[in-house]
Amino acid sequence: QVQLVESGGGLVQAGGSLRLSCAVSGSIFSIYAMSWYRQAAGKQRERVAVSTSGGSTNYADSVKGRFTISRDNAKNTVFLQMSSLRPEDTAVYYCNAFRATVYGGTYDYWGQGTQVTVSS
């Protein structure tokens with residue numbers, strides 16, 4: 001069974017930084033696309049960053065230049081370095097592991113979420 005465990009959330013002042021970690025167990029980490037999503041109160045969940053199994057990355061416009069996603073395949077861990085944080089970054093952040101098979105099946109796993117609160 002695949003498990004994702006996030007850590008690193010907390011309370012930070014605007015302009016500060018935080019690093020989130022997501023440790024993955026139970027499967028071959030390197031074959032998954034790893035993403036960070038966030039969900040603010042009363043809003044839909046949105047993807048903020050993705051790191052594909054091929055090594056490419058992509059970011060939501062709202063976090064480009066401020067957030068960096070990275071992965072350590074040897075440690076089965078994905079990170080989200082967040083800098084220049086803004087109050088609007090306040091949300092529960094979720095780690096996601098996804099892969100699609102050549103047969104059309106998908107594997108989609110989520111962590112429990114970690115709260116990030118940015119004070120003004």
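Visitor: Where is D89 found?
Guide: D89 is in the loop between β8 and β9. Keep in mind that this is a predicted model.

Visitor: Buried or exposed, that D89?
Guide: D89 counts as buried, because its relative accessibility is 1% and the cut-off for buried is under 20%.

Visitor: What does the side chain of D89 reach?
Guide: The D89 side chain gets to the backbone nitrogen of R86, at 2.8 Å.

Visitor: OK, now T77. Which strand is that in?
Guide: T77 is in strand β8. T77 counts as buried, at 11% relative accessibility. A polar atom of the T77 side chain lies 2.8 Å from the backbone oxygen of K75.

Visitor: What else does T77 touch?
Guide: Not counting residues up to four places away in sequence, T77 touches S21, C22, A23, F29, S70, R71 and D72. Two of the residues T77 touches, F29 and R71, also meet each other: the charged end of R71 sits over the ring of F29, 4.7 Å from the ring's centre.

Visitor: Where else does a charged end sit over a ring?
Guide: Over at W110, the charged end of R45 sits above the ring, 4.7 Å from its centre.

Visitor: How many aromatic pairs are there in the whole structure?
Guide: A search of the whole structure turns up 3. In one of them, the rings of Y94 and W110 have centres 6.5 Å apart and planes at 80 degrees, so the pair is edge-to-face. For the angle, over 60 degrees is the cut-off that counts as edge-to-face.

Visitor: Which parts does the pair of Y94 and W110 tie together?
Guide: Y94 lies in strand β9 and W110 in strand β10, so the pair ties together parts 16 residues apart in sequence. Y94 is buried, with a relative accessible area of 15%, while W110 counts as partly exposed at 34% relative accessibility. Ring pairs also bring in Y37, linking Y37, Y94 and W110 into a cluster.

Visitor: How do β9 and β10 run, and how many bridges join them?
Guide: They run antiparallel, with 5 bridges joining them. Among the partners, A97 bridges to Y109 in β10. β9 and β10 form a hairpin with 5 residues between them, and G104 in the turn has a positive phi of about 95 degrees.

Visitor: Changing topic: how many residues are in the largest nonpolar core?
Guide: There are 28 residues in the largest nonpolar core, and those with the most contacts inside it are M34, W36, L80, M82 and Y93. The elements giving two or more residues to this core are β3, β4, β5, β7, β8, β9 and β11.

Visitor: Let's take Y93 then. What does it touch?
Guide: Quite a list: E6, L20, W36, Y37, R38, F67, L80, M82, G113, T114 and V116, not counting residues up to four places away in sequence.

Visitor: Last one, L11. Buried or exposed?
Guide: L11 is exposed, with a relative accessible area of 65%. L11 lies in strand β2, residues 10-13.

Visitor: What is L11 in contact with, leaving aside its neighbours in sequence?
Guide: T117 and S119, once neighbours within four places are left aside. L11 and S119 are 108 residues apart along the chain, yet their C-alpha atoms are separated by 7.3 Å.

Note on methods: Residues numbered from 1 in each chain as written. Predicted model: local features only at pLDDT ≥ 70, side-chain atom pairs only at ≥ 80, totals over all residues. Heavy atoms only, no water. Core = buried A, V, L, I, M, F, W, Y, C linked by side-chain atoms within 4.5 Å. Buried < 20%, exposed > 50% of the residue type's maximum accessible area, 1.4 Å probe, protein only. Helix = DSSP H or I, 4+ residues; strand = E, 2+ residues; numbered from the N terminus. Contact = heavy atoms within 4.5 Å. Phe/Tyr/Trp six-rings, centres within 6.5 Å; stacked < 30°, edge-to-face > 60°. Lys NZ or Arg CZ within 6 Å of the ring centre and 35° of its normal. Pairing = 2+ DSSP bridges. Polar contact = N/O pair within 3.5 Å; in protein donor to acceptor, adjacent residues only side chain to side chain.
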